[in-house]
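Visitor: Before we look, I would like each label to be set against the rule behind it. Could you take me through the model in that way?

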Amino acid sequence: RLLLLQPRRSVPSERCLLIPTSGRADGYCSRVLRAQSNRKEGNSEFRLRRYTRMTVTAASPSYFRGFTLIAMKDGAEGDKDEDYAGNFQIIDEEETQFMTNCPPAVTESTPRRRTSIQVFWTAPPSGSGCVFLKASIVQKRIIYFQDEGLLTKKLCEKDTTDKPLLDCCACGTAKYRVTFYGNWSEKIHPKDYPRRANHWSAIIGASHSKNYVLWEYGGFASEGVKQVAELGSPVKMEEEIRQKGDEVLTVIKMKAQWPAWQPLNVRAAPSAEFSVDRTRHLMSFLTMLGPSPDWNVGLSAEDLCTKECGWVQKVVQDLIPWDAGTDSGVSYESPNKPSVPQEKIRPLTSLDHPQSPFYDPEGGAITPVARVMVERIARKGEQCNIVPDNVDDIVADIAQEEKEEDDTPETCIYSNWSPWSACSSATCEKGKRMRQRMLKAQLDLSVPCPHTQDFEPCMGPGCSDEDASTCMMSEWITWAPCSVSCGAGTRSRERYVKQFPDDGSICTLPTEETENCVVNEECSPSSCLVTEWGEWDVCSATCGLGMKRRERMVKMPPADGSICGAEVLEVEKCMMPECHTIPCLLTPWSDWSDCSVTCGKGLRTRQRMLKSPVELGECTEELEQVEKCMLPECPIDCVMTEWSEWSECNKSCGKGHTIRTRMVMLEPQFGGDPCPEAIQRKKCKIRKCNRGQGNSDEKKRRKEQREKRRRCRMRPWSSWTECTKICGGGIQERLMTVKQKIKTAQLSSCKDRKEIRACNVHPC
């Protein structure tokens with residue numbers, strides 16, 4: 001929890017002086033709590049706020065220099081260690097510390113002007129009862145303490161323990177209607193709201209006994225729950241429910257909602273009816289919030305039996321999403337990431353992940369995404385509770401017939417049912433009658449569509465308890481032409497009997513009707529003769545609002561030669577059935593492919609497939625996604641120049657050596673091959689030196705140099721260049737250039753000179 005102390009507008013209502021001592025902690029906390037000052041009414045300057053942390057803040061322009069936070073059990077005096085509840089945890093040691101003489105309390109580390117502090121507080125174990133979180137603040141040299149109001153918070157644990165479900169003592173049965181109101185919208189939950197594909201999946205649930213659990217917090221999702229949570233498919237869940245036999249009384253099913261948002265007062269919100277009895281008095285359901293990794297809302301084992309042996313009249317509950325524990329995604333459209341191992345079902349919180357659409361760094365409560373209402377609509381059989389809940393309970397005892405359940409999967413689209421056929425029995429013996437419907441589309445080929453024929457028992461004419469005198473008529477046939485070609489007349493239309501009454505009586509409904517008609521308002525020389533109106537054209541829209549038109553022709557123009565003034569074209573609005581967008585049924589995204597390269601920058605892809613038939617229209621949803629990927633940089637090998645020419649031998653006679661070099665053009669990177677050697681040397685021998693030859697040769701060389709200097713004047717040797725490498729063997733160069741050349745000097749004896757030597761030959 002987060003504790004927040006917030007200065008507001010006036011002075012706190014109570015105060016106490018905190019005087020640190022060097023004595024033992026025993027009793028010091030209680031003395032702090034008892035050192036109350038006179039109460040000052042109307043305080044609202046400071047406030048304690050509770051989130052996932054505890055925060056003390058001051059409203060501008062207020063401030064405080066010090067503070068104290070303490071948590072005590074309800075009714076405790078503070079003179080014993082067991083009087084204090086929970087544990088504080090320091091967030092910033094430069095701001096907060098534990099009080100030396102009262103270890104359960106937290107205070108400031110350094111007195112200074114401040115407007116906010118924060119600490120963590122861990123609640124005590126379950127069963128500890130209510131806890132008072134109290135804050136005091138130091139403003140100037142006075143310490144204010146508030147025992148009630150904005151600086152004190154009373155926290156009582158919410159009983160989340162799994163209470164054993166008691167046996168139901170109610171008599172008879174009760175019938176309920178459950179209505180689901182979606183409140184998940186971009187306005188209320190704007191972060192990353194999926195505009196195109198938001199929906200609630202088909203709702204699936206049951207009324208059941210305490211021996212069967214559809215889902216529960218802290219439990220693991222069954223395969224049926226997993227398929228609802230990840231795919232929005234209720235098929236497996238319904239199969240699991242029906243396999244429970246007598247543990248289930250009613251299977252609860254409601255249609256999916258596209259789009260998800262529904263105002264809380266919409267009467268057309270999806271609903272279903274179900275029954276409960278003494279042994280099957282619990283109600284559970286769930287629906288997927290889509291798209292999402294595995295997020296749902298629902299009720300788990302809602303007990304509709306009261307301890308007074310009656311039936312609950314009404315349950316209204318706001319719903320927040322919960323995680324089924326089968327997928328580790330953190331946002332609405334996260335790629336599939338199965339949870340291995342599977343995790344337990346848990347409610348989502350606002351601190352689950354920064355990328356979560358419900359994330360709140362302050363840890364506030366998640367705004368509900370839906371509301372469910374369960375209302376009792378009837379009771380059957382003898383009821384054993386002595387006092388009815390209210391007058392409505394008395395009139396609600398009238399039994400209602402159970403409506404037939406519609407077990408049509410969401411992925412099957414049918415035509416309307418045909419009228420019932422005649423009963424197969426002509427006597428009062430039981431027979432059966434049949435009706436049919438056509439399968440228009442199967443959106444998911446993996447989900448079978450149930451039968452297209454329906455049968456029900458019946459008896460011969462006059463044997464049914466129901467109204468047997470009802471006959472079924474066809475629609476009216478088009479009006480016949482008007483009886484006159486000019487002026488006022490009559491016209492008629494007909495219909496026929498599609499099904500006679502079951503009791504064999506005569507159908508008394510009319511099969512023909514007549515009305516007045518006017519072809520031309522006046523029959524005069526200036527009037528024209530026109531035909532009857534033709535049939536209306538097909539509506540311009542296949543669904544929703546459109547336009548239709550009809551025409552008639554001029555049979556005879558006016559006798560006086562004037563223009564016919566009769567209307568020959570009529571246009572009016574037409575309303576077709578409400579437009580319903582059939583969503584594209586898609587498989588989940590596949591895993592991302594491997595990167596297109598083995599190193600460096602590349603691309604990776606993922607795909608999904610279209611499950612709904614192409615006959616339903618083109619699906620505009622993307623079936624492939626491409627994104628960039630980055631692998632470690634590709635290795636770059638060292639690049640060298642070509643070898644230089646071999647240098648002159650360093651000796652004029654006898655054994656010497658010559659060298660050649662090359663330079664590094666590109667250093668190795670990202671683990672590439674290292675640079676090879678940059679200097680090579682080899683032995684050289686000009687000629688064999690005779691004995692004493694060395695000195696004479698040296699004299700001869702010096703003489704030649706003097707000759708060269710006389711022939712051409714040279715500049716001094718330049719300084720050696722920087723070594724080409726700092727280790728591993730580099731080279732240095734220096735030059736001697738010609739300053740002045742004598743005309744008689746040969747070109748070969750008067751030219752620039754270059755010397756090369758190795759450097760930094762030590763290993764790197």
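Guide: Val315 has Val374 in strand 22 as its bridge partner, where strands are DSSP runs of E with at least two residues, numbered from the N terminus. This is a predicted model, in which local features need pLDDT of at least 70 and side-chain atom pairs count only at pLDDT 80 or more, while totals for chains, interfaces and linings use all residues. Residues are numbered from 1 along each chain as its sequence is written, and side-chain values use heavy atoms, with hydrogens and water left out.

Visitor: Why are strand 16 and strand 19 said to stand at the edges?

Guide: The open sheet has four strands in the order 16-12-22-19, with antiparallel pairing. Strand 16 (271–276) and strand 19 (314–319) each have a single partner strand, so one side of each has no neighbour in the sheet. From one strand to the next, the twist averages 20 degrees, the axes being lines fitted to C-alpha atoms and the angles running from 0 to 180 degrees between N-to-C directions.

Visitor: Why is the contact of Arg346 with Asp352 called a salt bridge?

Guide: The term asks for a side-chain nitrogen of Lys or Arg within 4 Å of a carboxyl oxygen of Asp or Glu. The closest N and O atoms of Arg346 and Asp352 are 3.2 Å apart, so the pair qualifies. By this rule the count comes to 22 salt bridges.

Visitor: Which parts does the salt bridge of Glu627 and Arg604 tie together?

Guide: The side chains of Glu627 and Arg604 meet at 2.4 Å, N to O. Glu627 lies in strand 36 (residues 624–630) and Arg604 in strand 35 (residues 601–607), so the pair ties together parts that are 23 residues apart in sequence. Glu627 is partly exposed at 28%, as is Arg604 at 26%.

Conventions: Pairing = 2+ DSSP bridges. Buried < 20%, exposed > 50% of the residue type's maximum accessible area, 1.4 Å probe, protein only.
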